[in-house]
Amino acid sequence: MRGHKLSQFGQQLFFVGPAVLFFSVVMIIPFLMGMYYSFTDWNGVSGNVSWVGIDNFKSIFTNDPDFWSSFWFTVRFTLLGVVLTNVVGFFLAYLLTKPLKTRNMLRTIFFMPNVIGGLLLGFIWQFIFIKGFATLGETTGWPFFNLPWLGDATTGFWAIVMVFVWQSSGYLMVIYIASLSNVSKEVLEAADIDGASPFQVLRNIVVPLIMPAVTIGLFLAISWSFKMFDLNLSLTKGGPFKSTESVAMNIYNEAFLNNRYGLGTAKALLFFVIVAVITMIQVRVTKSKEVEA
């Protein structure tokens, strides 16, 4: 019996061990090292690492207005990004679950932006905002196209939001399509027989039944929005004057441009805790609203 249990353990270790080892090397060990470096003044290059305790965290809270400015930018971006990507993704999915002849082609078209890498996508849209919109502005005379899209704090913010929604909503569309396809046809037919309007069916039947997909969609959108870096780098580089700098870019600049790796990892650790708390609350709230058909 004991030999049999050892044999089972050996088989489990054989199949699970490499994955656990890889995950530990790539995720757990770097995370623990980052926690250690957040309490030091390491510059990321030299071999001299001095323990400074919580001085880095004190500096963040008392003497780092740029971090809190970037945090406020990220919060505003996340609120808009999460709402718009989920709303656009849901309504695209709702439309493309209808019996349209071109729905498969449209699904592919709307999903394609998600396949393009964030940096490449950002540079493409940078060209559109600077050259494409300028040409359209000259041709049509519409003030919308003549705005300084990447040269002003307000328009730069909305430019990043636009590109983020355009890139991310297609992925959420696929999730919502899968969930909408599993909504019971009998329930929808019963609501139609009872005289429910399309809006009532959508609000009182469809949305409650796809709440598991909403939970996933909100979780992914919150994660993507808070971690947004590549679009920020390729579109505005945080400018003008750091007015469109996200937290991820602020952490990157602190650690790798200012050579204050200890302070950068302290910011990253603090940011991780904030995002983890927000996502746990979101998952708990949305899962409490899930219902069964």
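Predicted model: local features only at pLDDT ≥ 70, side-chain atom pairs only at ≥ 80, totals over all residues.

Student: How do I read "partly exposed"?

Tutor: The label is used because the value falls between the two limits: under 20% is buried and over 50% is exposed.

Student: Which residue meets D66 in a salt bridge?

Tutor: The partner is K242, and the N to O distance is 3.1 Å.

Student: How many salt bridges does the structure hold?

Tutor: There are four. To read one, look for a side-chain nitrogen of Lys or Arg within 4 Å of a carboxyl oxygen of Asp or Glu. One of them joins K267 and D64, whose closest N and O atoms are 2.8 Å apart. K267 belongs to helix α12 and D64 to the loop between α2 and α3, so this bridge ties together parts that are 203 residues apart in sequence.

Student: Are K267 and D64 buried or exposed?

Tutor: Both are buried. Now turn to R260 and E254, which form a salt bridge with their closest N and O atoms 2.6 Å apart. Here R260 is partly exposed at 44% relative accessibility, while E254 is buried at 5%. Salt bridges with shared partners join D64, E254, R260 and K267 into one network.

Student: Let us move on to rings. How do I read an aromatic pair?

Tutor: Look at the distance between the ring centres and at the angle between the planes: under 30 degrees is stacked, over 60 is edge-to-face, and the rest is tilted. A search of the whole structure finds 34 aromatic pairs. In one of these, Y36 and W51 are 6.0 Å apart centre to centre, with 35° between the planes, and the pair is tilted. Y36 is in helix α1 and W51 in the loop between α1 and α2, so the pair ties together parts that are 15 residues apart in sequence. W51 is exposed at 57%, and Y36 is partly exposed at 41%.

Student: Why is the pair of F129 and F133 called edge-to-face?

Tutor: Their ring planes are at 80°, with the centres 5.3 Å apart, so the pair is edge-to-face. F129 and F133 are four residues apart in helix α5, about one helical turn. F129 is buried, with 4% relative accessibility, and F133 is buried too, at 8%.

Student: Which residues form an aromatic cluster?

Tutor: Ten names are on the list: Y36, Y37, F39, W42, W51, F57, F229, Y252, F256 and Y261 form one cluster.

Student: What can sit over the ring of F157?

Tutor: The charged end of R76 does, 4.8 Å from the ring centre. In another case, K98 lies over the face of Y94, at 4.4 Å from the ring centre.

Student: How do I read the surroundings of a buried residue?

Tutor: T40, in the loop between α1 and α2, is buried at 0% relative accessibility. A polar atom of its side chain lies 2.8 Å from the backbone oxygen of Y37, and the T40 side chain reaches the backbone nitrogen of W42 at 3.5 Å. Leaving out residues up to four places away in sequence, T40 touches V49, S50, W51, V52, N56 and G262.

Student: Finally, how do I read the backbone itself?

Tutor: Look at its angles. A cis peptide bond joins G239 and P240, with omega about -5°, and P240 is in the loop between α10 and α11. K237, in the loop between α10 and α11, has a positive phi of about 55° although it is not a glycine. K237 is exposed, with 55% relative accessible area.

Student: Where does N259 lie, and what is its phi?

Tutor: N259 is in the loop between α11 and α12, and its phi is positive, near 55°. N259 is partly exposed at 39% relative accessibility.

Note on methods. Residues numbered from 1 in each chain as written. Heavy atoms only, no water. Helix = DSSP H or I, 4+ residues; strand = E, 2+ residues; numbered from the N terminus. Buried < 20%, exposed > 50% of the residue type's maximum accessible area, 1.4 Å probe, protein only. Phe/Tyr/Trp six-rings, centres within 6.5 Å; stacked < 30°, edge-to-face > 60°. Lys NZ or Arg CZ within 6 Å of the ring centre and 35° of its normal. Polar contact = N/O pair within 3.5 Å; in protein donor to acceptor, adjacent residues only side chain to side chain. Contact = heavy atoms within 4.5 Å.
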